Amino acid sequence: MKLRNRAIPLVAIAAMVASMAGIGASASQAAGTLKSGQTFYLIPKDTLNPYETLEDGGIASALKALGDTAVVSSGTVDTAAAQIPSIQAAIQAHAAGIVIAGNDPTALCPSLAQAVAAGIAVVASDSDVTCPNHLFINQAVTSTIGSSEVDLLAKEIGSKGQIAILSAAATATNQNSWIVYMKKELKKYPNMKLVSTVYGNDDPATSLTVLQGLLSAYPNLRGIISPTTVGISTAAQYLDTHKSLLKHLTLTGLGLPSQMKKYVLDGTCAKFELWNPINLGQLAGYAAANIASGVITGAAGDKFTAGSLGAYTVLPAAGGTGPSVVLGPPFVFDKTNIAKFNF
Ligand code: RAM
């Protein structure tokens with residue numbers, strides 16, 4: 001039972017929790033024609049974000065199960081410039097593959113092209129790049145992530161009032177793609193008005209500063225969507241200590257249940273979404289290993305097995321994304337289920 005299954009019967013929750021927590025999810029895969037002993041560079045948006053750390057743990061567990069080595073390398077700020085030295089390090093180390101969460105859709109392309117020229121398999125995960133010759137491992141269908149967050153908030157605030165987005169880095173491919181679909185979905189709600197989008201760079205201090213700016217500029221704000229685990233947890237922490245704001249303000253977005261549990265249980269944030277970042281990592285790890293072993297090229301129609309997650313097929317390019325693999329639909333967390341998750 002995994003998050004990508006659409007219907008989640010209650011009786012299966014325990015099994016799902018085990019799977020979502022990554023327990024057993026890295027069960028050894030018959031290596032088949034996959035090579036072992038290869039080295040992969042994991043380049044997250046930054047090395048401080050707990051979400052990225054969970055995903056990297058999933059990638060590393062998949063690679064370890066295949067007898068490969070994972071090296072996590074990135075900067076501490078969400079910029080392309082901070083990731084380029086890690087791409088260069090992967091090239092120097094003759095890595096077999098790179099799994100990168102792009103801080104920018106285009107600025108990494110010259111370095112990634114050098115990596116491809118050196119024979120390195122390039123996989124983007126979590127946040128895509130627009131460069132050729134790579135496979136994107138998407139957490140969920142991009143349009144669904146954007147539209148479902150708007151629908152969730154609309155239901156909570158009666159489809160009415162000023163709303164704002166507290167995002168991550170202004171250049172982050174994933175957040176910006178989701179925001180495009182949030183804006184499209186908002187057309188269905190003529191009485192909901194997006195008044196501002198602010199960027200906290202996935203840094204808690206910056207997220208708090210831009211949140212406070214938002215709240216003072218828009219005292220009548222009814223809703224905030226924060227499509228980043230760093231943004232939503234920062235906002236929840238602030239609202240928890242400024243509870244009078246909750247009389248008119250609703251927070252939702254994408255969060256880690258481990259960080260949001262307290263705030264869901266005490267009523268600061270009723271509902272938010274995510275997927276299992278550990279499973280996302282495992283999927284990316286198996287994809288990278290398959291490409292680096294020459295089992296697949298990462299082209300549309302390619303099929304591979306991602307350990308206990310099962311079989312996946314590479315989807316054709318669509319809507320600005322190249323070939324991609326989708327983990328599954330986002331899951332809504334609320335007070336009825338949040339205690340069951342430990343990531
Ligand atoms: C943050 C990052 C990441 C995003 C999650 C939901 O941790 O911005 O890229 O996927 O939130």
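Analyst: Let's zoom in on helix α3, then visit a few other spots for context. Keep in mind that this is a predicted model: local features need pLDDT of at least 70, side-chain atom pairs count only at pLDDT 80 or more, and totals for chains, interfaces and linings use all residues. Residues are numbered from 1 along each chain as its sequence is written.

Helix α3 covers residues 80–92. Helices (H or I, at least four residues) and strands (E, at least two) are DSSP runs, numbered from the N terminus. With 13 residues, α3 reaches 19 Å from its first C-alpha to its last, close to the expected 18 Å. That expected span is 1.5 Å times one less than the number of residues.

Now, which residues of α3 are buried? They are A80, Q83, S86, I87 and A90. Buried means 20 or more other C-beta atoms (placed from the backbone) within 10 Å of a residue's own; exposed means 12 or fewer, and partly exposed is in between. Looking down the axis of α3, the buried residues fall within an arc of 115 degrees, so they line one face of the helix. The arc is taken from the directions from the helix axis to the C-beta atoms. As background, an α-helix has 3.6 residues a turn, so residues three or four places apart point the same way.

What do those buried residues pack against? Their partners are β1 (39–43), β3 (97–100) and α4 (109–117). Contact here means C-beta atoms, placed from the backbone, within 7 Å. Turned away from the buried side are the exposed residues A81 and Q92. After α3 comes H94, with a positive phi near 55 degrees.

T206, in helix α7 (residues 204–217), counts as buried because it has 20 C-beta neighbours inside 10 Å. Beyond its neighbours within four places in sequence, T206 is in contact with G200 and N201.

Finally, the ligand: domain 1 (4–139 + 276–327) and domain 2 (142–274) both give residues to the shell around it, so the ligand lies between them. Those domain bounds come from an automatic or database domain assignment.

Terms used: Contact = placed C-beta atoms within 7 Å.
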